[in-house]
Amino acid sequence: MKFLIILLLLTTQVQAKLSIMHWTTPEGAKVLFAQTQGLPMLDIALNFDAASSKDGAKFGLATLTNSLLGTASKYHSQEQIIELFESVGAQFSTHSLKDMAIVSLRTLTRQDNLQVALSILTEVVTQPVFKHKYLNREKKQTLHSIKAIKQSPASIASLAFDKAVFAGHPYEHTKIGTEASLANISTLDLAQHYQTYYVAKNLTIALVGDISKTKAKQIARQISHGLNSGKKAQSNPSVERLKKSQNIHIEFPSKQTHLLIGQTGINRAHPDYYSLYLGNHIFGGSGLTSILSDEIREQKGLAYSVVSYFTKMKSNGFFLVKLQTKNNQVNQAQKIAIKTLKNFLNYPINNQQLQDGKANIIGGFTLETASNASILTYLSIIGFYDLSFDYLSGFTDKVKNISAKDIQMAFIRLIDMNKLIILSVGQVQQENHNEYK
Amino acid sequence: MIKFIVYITLFIHHLAFSEGLGSSNVSRVVLDNGLKIIVKTDHRAPVFISQLWYKVGASDESRPNTGISHMLEHMMFKGSRDYKSGEFSRIIARNGGDENAFTSKDYTAYYQKMHKSKLALAIKMEANRMRHLSFSDTELTKERQVVIEERRLRVEDSPNAKVYENLRLISFDSKGAYHAPIIGFQTDIENYHLSDLRHWYETYYAPNNATLVVVGDVDPKHVIEYATQYFGGYKANPNIDDNKNRPSIALNKQSRTLKLKAELPFYAMSFHVPSLITTDSEDKAYQLEMLAYILDSGLSKALIRNQQIVSGIGVGYRLYDKFDTLFTISFIPAQGVSNQNILQMIKTQVRELIEKPHLIEAELRRTKVQLEADFVFEQDQISTQSYYLGMLSSVGLKVDKLLNYVDKMNQVSTQDVANIAKQYLDFDMLNYVELIPQGIK
């Protein structure tokens, strides 16, 4: 190992401009590759369009399918799979969202390590076996997760917000399912879900690390070759805009109330994408320096954390303002948050705010691609969401020319102050009651 | 121009005291006033992280000022002689930076992550607030509320965080380190005076109590030049170390049952162990570290995957703590399984490891391979690299501890793991906190 460390210390000195190479495998998988030098390691993410929005009526199916990859394959048991990855120091993991079902691997590029890690990765993804005993164990774990959510006001709030903003859409339900929905899921369902969605044409492979393009091609080919070609998953319908405002309160015995204020948002192809991105950055997306943080935290000391963000998915995600404050302060915080948003729509931001926001994004953009891990995330997003391959190199140019008016108009087009979801989780009733005493 | 020459002279003077690390890309320098500087070059991307670490944290605190290091960390963003409240953050942001700070038991650290062209700015601004912090009552009043909200969010409304907080309360005597929570007791947070904060700042925020760590696409000469320029004029505080000898005091056989509004039970136990700093032989500390890895994966396999009697289990050891520390095992029981039952299985597993160390031979081998690989993976983030360098320096360890880690771990044998488990995992002495969930309604 000493040898490897010394090698490492001598070789983290290479810097090259990030260039993204891309191609399609013969089976139809999309591949994005960035060669980085200096560290003898490789990251791979296999992004299937196979997550919870593809559950159909069986809520939790996609997440279970994804989490059972790696539990058993045609040739190996779970303990053998774990030991094989460990024996070469590789990190294998699965992660499932609403759009993306991800299988990832981080490995050394030393030939012996790389070969074992890749062959076992390929096997668990292309030749999985869905066994009852692992499904049952995973279901039990999921039931535990459901309980864990029930004791977390942040999680309760987040799931209730999804339910309200995505009502009737495949994004509505919780990705881990419910006690009732889990009971109806069998290994056969998992196998079918796998057959339909874990196919080459429904896959984006992202590779980042110190390997040649030839090697990258070979790796992508190896993984893709074991999969059925299949077809690309059908797109989800658009998320419909809210028809009316909603006030939702969920009583919970916490010291803070979690307050979520939001609305239907945008997808990644939205024409106002960059104006909304920059606007949100300035409004509530840039930590302590955001307008929202200044109003709620810096000036009033009402919350530790107050943020706003867009979730950007294939169909429209949401726009959300989120904070937590002591129960009896929630009305005050809510008034300020709404007034701040209203002002943001009514008046264009001043030139200083605009320039500062742009300077932060543009000046800090190199930080976005400063590690293999963050480059991997970008490649996955670019491929999976069909963004242009010059998304990263063109990003700062797109931000540069946006005006305060552009931001204001984009927010006015999107946000309807009369149709907000205002959701709180906490002990509001009791505390308010006490106040009146 | 003259100034410039002076700096260069200082720079050369200081280089004379630097400790080279052979062929590595880490440079170490100590300024005359005691400020330590550690630079690691990493030219993969045109960015750097600059962190200023102060050797002060919760382990230096006592009632009624628990959490004061953390409160001071918040106040550091509230203005100094040259910057109005919030302006520090705004300037860093406007220059494309990403900044924050963190407080722990043994240290408080501030950082900026920026494009390489902003190196001088980051160092200049950080230096400014080492000396000229404004202490405003208005700002303290507001920020105190922010910190109380932070405590509510992180601890009060999080059942498992309360378990860990209580585990430290019962495991360590209140007269020593590691007893009180890092964020402080709520009544203490509510009552700090501005003068307490000022005193804390004036005592500990001195160059001889700090380490500047820079990792990234920088020239070490420039880092040292800027550090000399901006920190070089500050005087050391000669009395600093007198204030700081307050080791942890172990308590044994303590337990607490928390009945909380929660859905899931949780159980955490602690054993008293030395850290790399306090141990009588360094090998023992690495053996404890290896024991934590081996037990973590062994218990996960046996209790989560095979027997399915817990839904989660974790083993923890703090190798780099400044004082004697804890070896912890915590778990979430599966539905309907008693804590006693699980505890029994853990004891069995530990006994087996002690009596038949050859059974962990393969696991040990795999763990070593993983640690080697992890060492490489950790180089991917400049923030991880600088974290280890700053943390080691802050607790008083040399940088070579980082480079030797994998070698040291490779020397641990199965028999070592068994012996260390036998010496320290005494179930008759353990402390524990159990959470009995009362439901939410």
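This is a predicted model: local features need pLDDT of at least 70, side-chain atom pairs count only at pLDDT 80 or more; totals for chains, interfaces and linings use all residues.
The expected span of a helix is 1.5 Å times one less than its number of residues. H12(B) has 17 residues, and 25 Å separate its first C-alpha from its last, close to the 24 Å expected. Several of its residues are buried. They are Glu363(B), Arg366(B), Thr367(B), Gln370(B), Glu372(B), Ala373(B), Val376(B) and Phe377(B).

Chain B as a whole contains 15 helices and 11 strands. Its C-alpha trace spans about 75 × 50 × 40 Å along the principal axes. A compact globule of 441 residues would have a radius of gyration near 22 Å, so the 23 Å of chain B agrees with that expectation. Buried residues account for 51% of the 441 residues in chain B. Of the contacts in chain B with a separation of 6 or more, 82% join residues 24 or more positions apart.

Chain A is assigned two domains, domain 1 (17–225) and domain 2 (246–432). Their C-alpha centres are 29 Å apart. The contact between them draws on 27 residues of domain 1 of chain A and 30 residues of domain 2 of chain A. On the domain 1 side, the elements that give two or more residues are strands E1 (20–24), E2 (30–35), E3 (41–48) and E6 (203–209), together with helix H6 (153–165), of chain A. H6(A) gives the most, with eight residues. By class, this side of domain 1 of chain A has 18 nonpolar, five polar and four charged residues.

Helix H9 of chain A (residues 213–225) was examined next. Its 13 residues should span 18 Å at 1.5 Å a residue, and its end C-alpha atoms are 18 Å apart, which agrees. Ala216(A), Ile219(A), Ala220(A), Ile223(A) and Ser224(A) are buried in H9(A). Seen down the helix axis, these buried residues fall within an arc of 125°, so they line one face of H9(A). An α-helix has 3.6 residues a turn, so residues three or four places apart point the same way. Thr214(A) and Gln218(A) are exposed on the other side of H9(A). The cover over the buried residues of H9(A) includes strands E2, E3 and E6 and helix H4 (111–126) of chain A.

The two chains also meet. Their contact takes 66 residues from chain A and 60 residues from chain B. The side of chain A that touches chain B comprises 25 nonpolar, 26 polar and 15 charged residues.

Notes. Residues are numbered from 1 along each chain as its sequence is written. Chains are lettered from A and ligands numbered from 1 in the order in which they are written. Domain bounds come from an automatic or database domain assignment. Two residues are in contact if their C-beta atoms, placed from the backbone, lie within 7 Å. Helices (H or I, at least four residues) and strands (E, at least two) are DSSP runs, numbered from the N terminus. Ala, Val, Leu, Ile, Met, Phe, Trp, Tyr, Cys and Pro count as nonpolar, Asp, Glu, Lys and Arg as charged, and the others, Gly among them, as polar. A residue is buried if 20 or more other C-beta atoms lie within 10 Å of its own, exposed if 12 or fewer, and partly exposed in between; C-beta atoms are placed from the backbone. The arc is that of the directions from the helix axis to the C-beta atoms. The radius of gyration is taken over C-alpha atoms; the globule rule is 2.2 Å times the number of residues to the power 0.38.
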